[in-house]
Amino acid sequence: MASGSGSGSERWSEDLETEVAMAMGTTDVELLKRAWRNEKAAPEILQFEAALVLRAREQIQLLEETVEEFTENGVDDLVVSLYQMDLDRSLFLLRSYLRIRLQKIEKYMIHISKTNLWNRLSEQEQRFAKSRCTDIMEKHLEQSVLSRLPYGYQSILKQSISSEEDDMVPEPQLDTFVFCKTKHAVGAFQLDDTGDEIVDLVADDLYVLRYKSIRGLVESGRIDLV
Amino acid sequence: MAGQSNPDLSVFSAPEVEFLAEDEMVEIVPNIRMEALNMICGDFGPFFPQIASKVPLWLAVALKKRGKCTIRTPEWMSVERLTQVLEAERESSREFQPLPFHYVEISRLLFDHAHDDIPDLYMVRSLIEDIRDVRFHKVETGLETISGRTHAVKLKNLSAMEVNIVRPFMVRALQAFYRHDSPQMIQQPRTMGGSRPQAVDRGPRRDLRPR
Amino acid sequence: MYGRRASQLLRELACSETGQLTAFNSDAFDQVIKECNEHNLQLQSLIRKIEDENLDIQTTRNEDHFGAVIHHLSLIRNKRCLMAYMYNRAETIQSLRWKVGPVLPQEIQEKLNYSEEECFKNHSAAIQSYMSELDLDLTVDMVPPKDPYIRVRVLDDIGEVCLGDHSISLTKHSLHFLRRTDAEPFISQGMMEEFLE
């Protein structure tokens, strides 16, 4: 699988963080689980975890081969079935992670393709979004609604010709509230633009906060959505 | 877009919460010899009869189902500890006692698959049920305190299942308060379902131009 | 009242349970389209009237102007409702790919209009190509795994089926100990169920 896109420095720091996590005994499954939870709970699409997905797939493939070998060599059924369960659990996380992303792409494809969220998709996801999903949906709406409306009202992006900006594109609701937990203390954190609302994020405590105000912490991995 | 339905507010299904709980570590006492398991999710064993070993709950349950081990009941699941927790839960109307994030699922999985390994099973089960009830009641009454100025809610020691239960209501309530509280609300009434001010509010003047 | 019929389309959506599909309401849909075109005719004739009276179209605030605005806004509202109706239905239809597979049962297909059927097929194909690029089937493992083997009860006469390297006979009411991944397609099509003691 080809690696996804991501700007150099971002990727570097992510890899570095991954290495630190590995050194501390965090397995890739643990990281995948975190990515899965965050992706499930976040209203918008997050950065594709290209390196992590690649490693997880390698480990899965390796174990698949091992399980096959075990079966051929008549290794104890019990041992084989335990490894199979480990394999199944990892595969579920991987598949579910990729599925949630597809569903988000389907839902917000036009918005994603217009913004820098586009860079968060893997190459395959980009192909899925652009040349397939968007085209299909555009054609569908075109032939069933838009082509039958009067001139001036036929845009898929704008309500009418007089709209100054694209005001018909479904967007994720960043205003929504999410449940989150911090691994380490983040300290005093500003929740709104005006600075009126400050919350002290203590390690391991559970908070309900507006996604928009903590999206930076989610992206940098300092807070986990649950 | 008009009429766009609410985003799905139940983030994790009950089986998914259970899946997460199954990764919690427990102690087993095997009755067989088995080499170390080098798994994707970690390395466990080697296993020797009567020597305790730590494994994830799903692995413990799988071995238990196949008759290969007993599961040691976690320390927090003793009658003594649970009695203390229940008392403390009852005493404080606002605070939650520290319990494992997945205490509901862990105890249920153990009741289902390892009930013969739990000392005072009947007592433990009823204590956990009582604790759950007291806490759920607290969660409900806690929701009444959400108000318009709420930008953050701290839920110390709330468990995974409890989070799942309050999530839909809590998110909807906070969102509603947040919207009604925002200054935009007064200047630009929002149309149904729209997440931003819509074109309806602007520019009809410019529409009246000849084609 | 302007816009009422369009809002009924949305009410229909709101009343059905998430993931459930009602038959495409082509009568109401076509009528709303017709309304849109009528609004446009009215709008254009009002504009012409203002122009014919040699009034400045940008600044005039007479009854014709406000009439035109109402037609414009009603048209936009109708459009938003039509788009929301189609878009939300399309979302439900696309989600069926994960729930029922690439071929829709007759009773669901009857609820779709032509464009929706086409959309479903194309979308299925899009997911298929994504999965083959990835070399990973995403249509299995829809729920968290338990044991790799499950006991299932067959609900339909499925007949001889080849699973992996051996074939088994799936007759109605029979019980089997199958690999979960083998059983899931049958379960999602309602031809099998997990057997719990």
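In this predicted model, 70% of the contacts in chain B between residues at least 6 apart in sequence join residues at least 24 apart. The chain has 211 residues, of which 32% count as buried. Eight helices and six strands make up the secondary structure elements of chain B, and from the N terminus on they follow the order α-β-β-β-β-α-β-α-α-α-β-α-α-α.

The loop between β3 (42-44) and β4 (53-56) of chain B holds B:Pro46. The peptide bond that leads from B:Gly45 to B:Pro46 is cis, with omega near 0 degrees. Most peptide bonds, by contrast, are trans.

In chain A, helix α2 spans residues 28-41. From first to last C-alpha, this helix of 14 residues reaches 20 Å, close to the 20 Å expected at 1.5 Å a residue. Helix α2(A) is mostly covered, with 11 of its 14 residues buried; among them are A:Val29, A:Leu32, A:Trp36 and A:Arg37.

Most residues other than glycine have a negative phi. C:Asp135, although not a glycine, has a positive phi of about 60 degrees, and C:Asp141 likewise has a positive phi, near 60 degrees. C:Asp135 is found in the loop between α5 (114-134) and β1 (149-154) of chain C, and C:Asp141 also lies between α5 and β1. Are these residues buried or exposed? C:Asp135 counts as exposed because it has 8 C-beta neighbours inside 10 Å, whereas C:Asp141 counts as buried because it has 20 such neighbours.

How values were computed: Residues numbered from 1 in each chain as written. Chains lettered and ligands numbered in written order. Predicted model: local features only at pLDDT ≥ 70, side-chain atom pairs only at ≥ 80, totals over all residues. Helix = DSSP H or I, 4+ residues; strand = E, 2+ residues; numbered from the N terminus. Buried ≥ 20, exposed ≤ 12 C-beta atoms within 10 Å, placed from the backbone. Contact = placed C-beta atoms within 7 Å. Expected span 1.5 Å × (residues − 1).
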